[in-house]
Amino acid sequence: AAMSDDVRLGARFARAALAHDPAADDLRERIVAQWGQKALVSLAFALTLARIYPTMKYALGHGRACQRIQVAGTPVVVVRSAA
């Protein structure tokens with residue numbers, strides 16, 4: 001609800017495109033009509049690049065699944081503070 005209409009359109013398109021949802025077709029047309037073909041290409045690159053990082057990270061051996069940390073058999077809650 002806090003998103004502007006423009007951001008909402010981009011987010012809906014991203015979700016639909018990544019899910020291979022047919023709804024992406026209408027959203028794609030709306031994006032091209034509103035901002036042009038260059039905007040669509042920019043969104044397509046952004047979606048593609050967003051998938052590269054986690055794939056590369058996992059392929060290099062840094063993509064471990066989240067696991068509960070235990071010390072001496074007791075679960076430990078890890079709290080990260082904002083830097």
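Okay, let's start with His20: this residue is exposed, at a relative accessible area of 69%. By exposed I mean over 50% relative accessible area, with buried being under 20% and partly exposed in between, using a 1.4 Å probe and protein chains only. His20 sits in the loop between helix 1 (5-18) and helix 2 (23-35), and has a positive phi of about 55° without being a glycine.

Quick housekeeping. This is a predicted model, where local features need pLDDT of at least 70, side-chain atom pairs count only at pLDDT 80 or more, and totals for chains, interfaces and linings use all residues. Residues are numbered from 1 along each chain as its sequence is written, and side-chain values use heavy atoms, with hydrogens and water left out. Helices (H or I, at least four residues) and strands (E, at least two) are DSSP runs, numbered from the N terminus.

Now Ala72, in the loop between strand 1 (69-71) and strand 2 (74-76). Ala72 isn't a glycine either, and its phi is positive, near 55°. Ala72 is exposed too, at 83% relative accessibility.

On to the inside. Which residues make up the largest nonpolar core? There are nine: Leu9, Phe13, Ala14, Ala16, Ala24, Leu27, Ile31, Leu40 and Leu47. Helix 1, helix 2 and helix 3 (37-59) each give two or more residues to this core, and helix 1 has the largest share, with four. A nonpolar core here is a set of buried Ala, Val, Leu, Ile, Met, Phe, Trp, Tyr and Cys residues joined through side-chain atoms within 4.5 Å.

Last, confidence. pLDDT, the predictor's confidence in each residue from 0 to 100, averages 89 over the protein chain, and 93% of the residues score at least 70.
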